[in-house]
Amino acid sequence: MINPKYARLRITEPEHAYIDNMVIGVIDSGIGGLTTLKEIIRVRGGGDYIYYLDNARHPYGIRSEKEIYSYMRKACDTLALLGAEAIAIACNTATAVCIDDLRREYPDTPFIGIEPSIKPAVRHGENICVLATPLTLKQERFSKLLTGATFHMPDCTGLADAIEEEYPCLARAQKTLTKALYRFSDIRFDSAVLGCTHYSYLGDWISKILGCPCFDGNGGVARQTRRICGDEQSPARVALIVTGKGSAPRYLDLSNLYLGSPVYLIEP
């Protein structure tokens, strides 16, 4: 149930302000986390969710570690006040930077973090294309995953922005990634790892141009969420929080379009 103490928030559909199921919070700086949320809903069968879309700080991948931790704490505090009983971090960068600190900060809240799906990719062969933000690539938590194959890491600077700003049009994002992949054109990749939830929107296209399967971390997050929170029989409902001014209507439309489940806006 959404906490009535959080009086400064207004839900645009008041009849949906009180919900009976376990509430799960999902955090990302943009639309990338919607791909994670959609998979969680598919795996669990429904349920009630609050999606915290931190557009005011997008993208996390260019922020400092200190900034990201501060943003995540604010998001977690908001979700806790709204009644979230578990939180999925649908951002590879934020997971790598601060999930351990968040678990210490909020010991009573289960956190499910997303990480690049390296192990399944390695099972497909030796040459792995890893697509991730520059900050994710620098994290020790991420580097420990890179074992058992040869990993090639194109510069994906600007790719998440291109997806965020123009989705559902992906032409600019495809052009950005094509340029990043050019110097790897002589390599036959056995698989590709999508290390940013935004990149999942390009998954089918990437698989086609590289001629190999793509793996993201959404399935792992969804299965872990189901293990912690259980299955749901009720239809999915999503409450949306958007930080920043003027962008909420667009994100509400995109969320409804992509998720195919009722999405209700919570306005600060």
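**A tour of the sheet and the salt bridges**

Four strands, paired in parallel, make up an open sheet in the order 7-6-8-9. The model is a predicted one. To find the edges of the sheet, select strand 7 (150-152) and strand 9 (214-215), each of which pairs on one side only.

Next, select strand 8 (residues 191-194), which runs parallel to strand 9 and is joined to it by two bridges. Show Val193 here: its bridge partner in strand 9 is Phe215.

Helix 9 lies across strand 6 (127-131), strand 8 and strand 9, and runs at about 155 degrees to strand 8.

Turn to the charged side chains. The model has twelve salt bridges. Select Glu232 and Arg44, whose side chains meet in one of them, at 3.9 Å from N to O. Glu232 lies in the loop between helix 10 (218-229) and strand 10 (237-242), and Arg44 in helix 1 (residues 32-44), so this pair ties together parts that are 188 residues apart in sequence. Both Glu232 and Arg44 are buried.

Move to Asp100 and Arg141, a salt bridge with its closest N and O atoms 3.1 Å apart. Asp100 is in helix 3 (residues 92-105) and Arg141 in helix 6 (residues 140-143), so the pair ties together parts 41 residues apart in sequence. Asp100 is partly exposed, at 38% relative accessibility; Arg141 is also partly exposed, at 28%.

Finish at Arg172 and Glu165, a salt bridge in which the closest N and O atoms are 2.8 Å apart. Arg172 is partly exposed, with a relative accessible area of 34%.

Key: Residues are numbered from 1 along each chain as its sequence is written. This is a predicted model: local features need pLDDT of at least 70, side-chain atom pairs count only at pLDDT 80 or more; totals for chains, interfaces and linings use all residues. Side-chain values use heavy atoms; hydrogens and water are left out. Two strands pair if DSSP finds at least two bridges between them. Contact means heavy atoms within 4.5 Å. Axes are lines fitted to C-alpha atoms, for helices over the stretch in contact, and angles run from 0 to 180 degrees between N-to-C directions. A salt bridge is a side-chain nitrogen of Lys or Arg within 4 Å of a carboxyl oxygen of Asp or Glu. Buried means under 20% relative accessible area, exposed over 50%, partly exposed in between (1.4 Å probe, protein chains only).
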